[in-house]
Amino acid sequence: MKPLYGPSSSPRPPPSNGRAPLHGPLFGSYAAEDVAWLLKDLSHARLEAPTEEREAAIQAGRAHYAESLPVEYQPGPEYLRLFHRALEASAERIAYATGLVTELVLAERGPRAVLVSLARAGTPVGVLMRRWARFAHGLDLPHYAVSIVRARGIDTAALRYLAERHDPASVMFVDGWTGKGAITRELTAALASHPFPADLAVLADPGRCTPLFGTRDDFLIPSACLNSTVSGLVSRTVLNADLIGPGDFHGAKFYADLAGDDVSAVFLDAVCARFGDVAERVAKDLPEHRAADRAPDWSGWEAVRRCAGAEGIDDLNLVKPGIGETTRVLLRRVPWKVLVRADAGPEVTHIRLLAGERGVPVVEVEPGRFPYACMGLIHPRFGKGAVQ
């Protein structure tokens with residue numbers, strides 16, 4: 001597959017040469033102090049390709065998923081109502097998890113911690129953690145967003161930039177949640193030859209693959225419901241040799257034309273408004289949280305292996321566990337089916353809605369089958385060894 005490279009409909013030129021940080025409002029809708037994007041602005045390029053065309057090329061090995069972009073999903077009114085209801089219901093829970101994981105990070109790195117979120121799912125969480133540190137301790141932590149790409153590793157140009165300006169030992173990598181732990185493994189492998197510790201802090205760790213988490217429950221984090229419109233209007237990251245030169249940061253697009261649909265600030269403000277409500281509980285529960293056995297056991301990975309075998313899938317990349325990953329499958333891949341635990345409840349309402357819109361079967365499974373609320377299975381018809 002050849003992505004549709006060429007000029008986009010936006011005449012706005014890129015504001016950087018790919019080797020300096022990007023900030024809002026020139027790039028992204030977050031305030032400049034919330035995050036520095038260590039990315040190259042590719043807003044001038046046309047990178048989107050049809051979903052099925054991308055999937056066929058990716059599974060056939062003709063292209064890597066990071067070389068192009070999926071078309072941004074535009075939710076309808078019913079789905080947006082679900083997002084706002086989910087945010088209202090979960091804001092306090094997210095605030096509590098944000099407080100716990102930020103306190104763990106400060107205990108590990110101290111008051112000079114540097115937050116480095118994995119764009120883009122990690123970036124809203126990195127902003128929340130930065131805001132918690134300021135709320136609870138008056139700290140003004142640096143926060144960067146960098147790209148990491150499965151099977152290609154982390155952006156080494158971004159690492160060089162960070163190492164020139166900060167003590168690598170102070171850096172903490174941040175993501176939104178874990179699935180089966182593929183990115184956790186990718187991060188560890190990618191940093192093996194760099195001076196940065198490979199610790200990863202996440203809001204939710206249902207995959208049980210990091211000791212730094214706010215919760216291990218697989219619950220709905222509303223920032224997983226949408227794409228760029230809840231992530232500062234920034235696309236997922238791109239690594240394509242036609243657009244990223246030697247020494248450049250990995251790239252991404254700023255969808256400025258979606259500003260009217262942007263709920264990035266709505267998400268952040270709703271959660272931050274609950275910091276005062278959970279602060280006392282975070283302080284009370286933190287000693288027990290720190291003292292608990294938080295060692296990873298990778299039980300999520302094993303559950304994915306069992307599920308893949310039961311479904312006749314021999315490529316674990318086609319199995320995406322957890323609410324966040326299942327949502328991604330339905331928004332930007334070619335779904336085959338969705339497995340939902342019978343006791344999942346309202347946490348998967350938006351999953352059922354998306355699956356219905358795309359004609360994807362939802363199969364209920366017994367609660368003990370896996371530790372996640374649901375799993376999304378990418379269609380195996382393009383895979384070389386998948387049983388159909």
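Me: Which residues is R120 in contact with, leaving aside its neighbours within four places in sequence?
Reply: E72, N227, S228, S231, V234, S235, R236 and R332, where contact means heavy atoms within 4.5 Å. This is a predicted model, with local features needing pLDDT of at least 70 and side-chain atom pairs counting only at pLDDT 80 or more, while totals for chains, interfaces and linings use all residues. Residues are numbered from 1 along each chain as its sequence is written, and side-chain values use heavy atoms, with hydrogens and water left out.

Me: Ok, and where does R120 lie?
Reply: R120 is in the loop between β5 (114–119) and α3 (122–137). The labels are DSSP runs numbered from the N terminus: helices are H or I with at least four residues, strands are E with at least two.

Me: Is R120 buried or exposed?
Reply: R120 counts as buried, because its relative accessibility is 9%. The cut-offs are under 20% relative accessible area for buried, over 50% for exposed and partly exposed in between, with a 1.4 Å probe and protein chains only.

Me: What kind of peptide bond joins A119 and R120?
Reply: A cis one, with omega at about 5°. G24 and P25 are also joined by a cis peptide bond, again with omega about 5°. P25 sits in the segment before β1 (36–37).

Me: Which residues other than glycine have a positive phi?
Reply: R208 is one of them, with phi near 55°, and W298 is another, also near 55°. R208 is in the loop between β9 (200–204) and β10, and W298 is in the loop between α7 (275–291) and α8 (299–311).

Me: Switching topic: what about P222, buried or exposed?
Reply: Buried, because P222 has 0% relative accessibility. Its place is in the loop between β10 (212–215) and β11 (251–252). Beyond its neighbours within four places in sequence, P222 is in contact with F83, A86, L87, S90, I94 and F267. F267 is 45 residues away in sequence, yet the C-alpha atoms of P222 and F267 are 7.7 Å apart.

Me: And α10, which of its residues are buried?
Reply: H350, I351, L353, L354 and A355, in a helix that spans residues 349–358. Their cover includes α2 (77–109), α9 (323–332), β13 (335–341), β14 (362–365) and β15 (374–378). Just after α10, G359 has a positive phi of about 70°.

Me: How much of the protein is buried?
Reply: Buried residues make up 59% of the 388.
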